[in-house]
Amino acid sequence: MRSRIFDREETRVLECAERLTIRDRKSIGRLSDSINRSGRSQVVIDLSKLNYIDSAGLGILLSLREGAMGSGKRIAISGAADSVRETLDIAAFGSLFDIR
């Protein structure tokens, strides 16, 4: 996965590109720290450039959610393409995340 983190007003944005898989599990700590240390009240995980996610990738999103919520931040997922959105829907992520 390629990722980029930036701020937009009161939102910390994590942009994920290409593939989110078990190979990316080592990046959880770095990404979570960046999200949780920000002074922003909301986190948006932008998946508009992501073309594949597997079950380990879903686990990474859950870990990021847990860390953000533990820091009192609201968290949302945005821009998921059809195939990624289908995986999120099958995993019932709509009940865990605000999906835009």
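This report walks through the fold of one protein chain, from its overall layout down to a few single residues.

## About the model

The structure is a predicted model, so local features need pLDDT of at least 70 and side-chain atom pairs count only at pLDDT 80 or more, while totals for chains, interfaces and linings use all residues. Residues are numbered from 1 along each chain as its sequence is written, and side-chain values use heavy atoms, with hydrogens and water left out.

## The overall layout

Let's start with the big picture. The chain holds 3 helices and 5 strands; here helices (H or I, at least four residues) and strands (E, at least two) are DSSP runs, numbered from the N terminus. Read from the N terminus on, the elements follow the pattern β-β-α-β-α-β-α-β. The radius of gyration is 12 Å, close to the 13 Å that the globule rule gives for 100 residues, so the chain is as compact as a globular protein of that length. That radius is taken over C-alpha atoms, and the globule rule is 2.2 Å times the number of residues to the power 0.38.

Of the 100 residues in the chain, 43% are buried. Buried means under 20% relative accessible area, exposed means over 50%, and partly exposed lies in between (1.4 Å probe, protein chains only). Contacts (heavy atoms within 4.5 Å) also tell a story: among those between residues at least 6 apart in sequence, 71% join residues at least 24 apart.

## The sheet

The 5 strands form an open sheet with mixed pairing, in the order β1-β2-β3-β4-β5. Two strands pair if DSSP finds at least two bridges between them. At the edges stand β1 and β5 (98-99), each with a single partner strand, so one side of each is left without a neighbour in the sheet.

Look at β1 and β2, which pair in the antiparallel sense over 7 bridges. F6 has V13 in β2 as its bridge partner.

In helix α1 (residues 28-37), the buried residues are L31, S32 and I35. They cover an arc of only 95° around the axis, which puts them on the same side of α1; the arc is that of the directions from the helix axis to the C-beta atoms. Their cover includes β1 (2-8), β2 (11-20), β3 (42-53) and α2 (55-70).

A nonpolar core is a set of buried Ala, Val, Leu, Ile, Met, Phe, Trp, Tyr and Cys residues joined through side-chain atoms within 4.5 Å. The largest one has 23 residues, and those with the most contacts inside it are I45, L47, L61, I77, L88 and F93. At least two residues of this core come from each of β2, α1, β3, α2, β4 (74-78) and α3 (82-90). Leaving aside neighbours within four places in sequence, F93 is in contact with L58, L61, L62, I77, L88 and I99.

## Residues to look at

Find E18 in strand β2. E18 has a positive phi of about 75° although it is not a glycine, and it is partly exposed at a relative accessible area of 37%. A92, in the loop between α3 and β5, has a positive phi of about 60° and is not a glycine either. A92 is partly exposed, with 39% relative accessibility.

R19 is placed in strand β2 and is partly exposed, with a relative accessible area of 44%. R19 and I53 are 34 residues apart in sequence and 5.9 Å apart in space, C-alpha to C-alpha. Not counting residues up to four places away in sequence, R19 touches M1, D24, L50, N51 and Y52.
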